[in-house]
Amino acid sequence: MRTFNELGLCTELLQAIEEQGYEHPMPVQEAVIPFLLNKEESADLVALAQTGTGKTAAYGLPILELIKSFSKSEKILPTVVILSPTRELCIQISDDMEGFSKYLPNLTILPVYGGANIEPQIRALKAGVDIIVATPGRLVDLMKRGAANLSQIRYVVLDEADEMLSMGFQEEVNAILEGVPQDHRTLLFSATMSQEIERIAQNYLKEKREIQVGSRNEGAEHVNHIYYMVHAKDKYLALKRLVDFYPRIYAIIFCRTRMETQEVADNLIRDGYNADALHGDLSQQQRDLTMQKFRKHRTQLLVATDVAARGLDVDDLTHVINYGMPDDVENYTHRSGRTGRAGKKGTSLCIINLREKSRIRLVEKAIQKQFEKGTLPEPREICNKQLYHVIDDIERVEVDEEEIAPFMDEVQKRWAWLDKEDLIKRVLSREFGRFLQYYANAPEIEEAPSQPSQGEGKGSRRKGSHTPEEGYTRLFLNVGKIDKMYAREIMGLINNNVKGDKVEIGRIDLMKSFAFVEVRDADADRVIKAMKHGVTIKGRSVVVDRSEPAGRGKASPSPSKGGEKKGKRGKAPKSSREERGYAAPRGKKFEKADWMQFLHPEEGWARRRPKKK
Ligand code: AMP
């Protein structure tokens, strides 16, 4: 691993970054800093790096190194413009640059952004600055007013360029790039490489070098992606279960609309969670306050729209929760890239309904990472987790013997009638009674089926629940009798489209609008892949996929099982959770008597008590 010393930075910068606590350069810094400091190089730069990978220092440090020696005329004209999509990022970049340049004398950095009084910004520009950090709209405004003179610009940085374009700043970015001298260098940083970014690079970058940290358009490396499929009506209940299962969760919950954002936040607040809403219907002042509270961890759950959360930069989110999938892959990349930052592990949870499943597949393809299919935690598991959380918190309380000594006599006198067990019960009821009460009567959440099951007759339901023969994989096809696709047609469809050896086809179950086909395990991937390439029946794209287990545990991969009503589940085999005693037996609610056993000393409490010294 290289050190900052080896990258060619001066002692003033080295001292400042040491004070920031940076020990080793992050990959993007290791790649970009020597490239920019190399005197032989004059090429522009396209750096593909996720947010949170250390890109501010990657361009900020070498730029400071390069401009520190520029001779100063009496009235300083800026030599660097850093463009940022949001005012929050603008302020953050400016703060970081201030920190890096702490020991470089006489360098002025000015953040200019919309939504703030323009007059002080004009005055500051008139007084002279070296580096302008700006949101595009405000900079164009300052240029038009003659306050921002860009005639001496040597470096233009486009930070989070993809965000800037998706927020509609295309014209402003063009105007700025056209308003700077020809011989400047452009450094473009983006998390994803969209067509618009390619276009900007094509139009405005001269000879360019592309540096990539991680692979192109890849989701953050340290992020796990898990999806939970529920019926649309159960989304909120599922959200509560997930949040309750992670007592130390610190997360952004992304919703698709402002209304939904407010609704989810209101419901969470009503249900006793430490949550807040962030969306475009709130004033800038309200949004600032909300973000500030969240950054300081005074809010645990922030429910936000994609656009409103753009300016928010936090490094230590434990989870990102997708309350439904976003419309495009890039938004998902940005959402999930907010966790798993600065080398930490992160998790992106998606609560989706059946219709959103295809979007999961699209994202998987784009980020080249597989999503895991999650099963919602059962009430007992949740209460167990919460219990340990409470115990943990109580164990961590530091007792200052001296401070409490004067009160001990009085407390002991008043509680003389309470024995130890009573006391424990009261502490527990107070600390996690909310969960116990809720989960004692919590509505059940039926897992949504992986494939459509509604509308098929009884006979087809029986057929659909078949378990494939050993050595065979059961595939789902979105064509059925209604499309006049019978066994012969389906066999023909497969063998006409799959190249190479003939596919051996086993059992075929025909339904009204879809079918199941069993093929040899070794052929399954070949068939799925071949059918992905634009095969159509009467103008409709044919979709072939594995028929996944729909129920819990090792249920049949049929569409019908997952779609069964809860009441019918009694006959199903016990799930592994039931076996382990986590889940309430099917059909039986998780009752108070069940959770009261948590108080039994053999159940964890006694085991976890710290040993007496
Ligand atoms: P950025 O991508 O610039 O927003 O940086 C993400 C986070 O990583 C910020 O909190 C930085 O302070 C931090 N960071 C940047 N470079 C380093 C480094 N070399 N070592 C440790 N932390 C860093």
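The legends below describe close-up views of a predicted model. Local features need pLDDT of at least 70 and side-chain atom pairs count only at pLDDT 80 or more, while totals for chains, interfaces and linings use all residues. Residues are numbered from 1 along each chain as its sequence is written, and side-chain values use heavy atoms, with hydrogens and water left out.

**View 1. Residues around the ligand.**
The shell, meaning residues with a heavy atom within 4 Å of the ligand, consists of Phe4, Tyr22, His24, Pro25, Met26, Gln29, Gly52, Thr53, Gly54, Lys55, Thr56 and Asp315. By class it holds 4 nonpolar, 6 polar and 2 charged residues. In this scheme Ala, Val, Leu, Ile, Met, Phe, Trp, Tyr, Cys and Pro are nonpolar, Asp, Glu, Lys and Arg are charged, and the others, Gly among them, are polar.

Tyr22 places a polar side-chain atom 2.7 Å from a ligand oxygen atom. From Gly54, a backbone N or O atom lies 2.8 Å from an oxygen atom of the ligand, and for Lys55 the distance from a polar backbone atom to a ligand oxygen atom is 3.3 Å. On its own the ligand has 500 Å² of accessible area (Shrake-Rupley method, 1.4 Å probe), of which the protein covers 80%.

**View 2. The open sheet.**
The order of the 7 strands is S3-S4-S2-S5-S6-S1-S7, with parallel pairing. Strands are DSSP E runs of at least two residues and helices are H or I runs of at least four, numbered from the N terminus; two strands pair if DSSP finds at least two bridges between them. S3 and strand S7 (208–212) each have a single partner strand, so one side of each is left without a neighbour in the sheet. On average, neighbouring strands are turned by 15° against each other, direction ignored, with axes fitted to C-alpha atoms.

**View 3. Strands S2 and S5.**
Strand S2 (residues 80–83) and strand S5 (residues 155–158) run parallel and are joined by 4 bridges. Val80 has Tyr155 in S5 as its bridge partner.

**View 4. Two residues with positive phi.**
Most residues other than glycine have a negative phi. Asn106, in the loop between helix H4 (87–100) and strand S3 (109–112), has a positive phi of about 60°. His297 has a positive phi of about 65° and is found in the loop between helix H12 (284–295) and strand S11 (301–305). With buried set at under 20% relative accessible area, exposed at over 50% and partly exposed in between (1.4 Å probe, protein chains only), Asn106 is exposed at 64% and His297 partly exposed at 42%.

Methods: A polar contact is a pair of N or O atoms within 3.5 Å; within protein, one must be able to donate a hydrogen and the other to accept it, and residues adjacent in sequence count only if both atoms are side-chain atoms. Axes are lines fitted to C-alpha atoms, for helices over the stretch in contact, and angles run from 0 to 180 degrees between N-to-C directions.
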